[in-house]
Amino acid sequence: MPDLLFLTPEHDLQQQFDAARPGTHIHLSCGAYRQKVLIRTPGLTIEGEDMHKTVIVWDDYANKLDENGVEYNTFRTWTVAVCAPHITMRNLTVRNDALQPETKGQEVALSVLGDDFRMVHCRLSSTQDTLFAGPLPADLIQRYQEERASLNAEIDRVLAEITALLGGR
């Protein structure tokens, strides 16, 4: 039986995701989780209480300088980065709220690099490059599945070369 974690916006998601064992089911209660999160533990299920009321949000953008004075570039602006295989996200919103892409540059809500990623009844939101997926091997038939998901952006909803299943099976 998988471990169960019940988290609130006061929890440090990065710490909890890093400490979770593969296969853990993580329940996020309603609220805004203003955090940048990298998912490295395989097999996690991350489920929000309500897609519209459970929001992981951050505000990085491409023209921002890091601690060494180097521009972030598009690929480091994610709010959530999925770097492990077999991750399921359900009933939540991932948002990059940096806004103003004309001056700040691109901003990614979700970056997916792990195989067998599943997003069900989720919402991704940013003003540019909402979803980044890759790098991808050319020989994969199916790598990403999205069911009842929406992507909202002013420009470039998806930045990727992927094979995806959109909708139900």
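Predicted model: local features only at pLDDT ≥ 70, side-chain atom pairs only at ≥ 80, totals over all residues.

Reply: A contact here means heavy atoms within 4.5 Å. Residues are numbered from 1 along each chain as its sequence is written, and side-chain values use heavy atoms, with hydrogens and water left out.

The part to look at is Thr 54. Not counting residues up to four places away in sequence, Thr 54 touches Leu 28, Ser 29, Cys 30, Gly 31, Tyr 33, Gly 48, Glu 49, Asn 91, Leu 92 and Thr 93. Thr 54 counts as buried because its relative accessibility is 0%; buried means under 20% relative accessible area, exposed over 50%, and partly exposed in between, with a 1.4 Å probe and protein chains only. A polar atom of the Thr 54 side chain lies 3.2 Å from the backbone nitrogen of Glu 49. A polar contact is a pair of N or O atoms within 3.5 Å; within protein, one must be able to donate a hydrogen and the other to accept it, and residues adjacent in sequence count only if both atoms are side-chain atoms.

Thr 54 lies in strand E6. Helices (H or I, at least four residues) and strands (E, at least two) are DSSP runs, numbered from the N terminus. Two strands pair if DSSP finds at least two bridges between them. Strand E6, residues 54-58, pairs with strand E9, residues 93-96, in the parallel sense over four bridges. One of the residues involved is Trp 58, whose bridge partner in E9 is Asn 96. E9 in turn runs parallel to strand E12, residues 123-125, and three bridges join them. Here Val 94 has Leu 124 in E12 as its bridge partner.

Asn 91, among the residues that Thr 54 touches, is in the loop between E8 and E9. Asn 91 is buried because its relative accessible area is 18%. Its phi is positive, about 60 degrees, although Asn 91 is not a glycine. Most residues other than glycine have a negative phi. His 86 also has a positive phi, near 60 degrees. His 86 is found in the loop between strand E7 (80-82) and strand E8 (88-90), and it counts as partly exposed because its relative accessible area is 45%.

Val 120 is in strand E11, residues 117-120. With 7% relative accessibility, Val 120 is buried. From C-alpha to C-alpha, Val 120 and Arg 90 are 4.7 Å apart in space, though 30 residues apart in sequence.

Thr 103 is found in helix H2, residues 101-104.

As for the whole chain, it has two helices and 17 strands. Of its 169 residues, 46% count as buried. Among contacts in the chain with a separation of 6 or more, 56% come from residues 24 or more positions apart.
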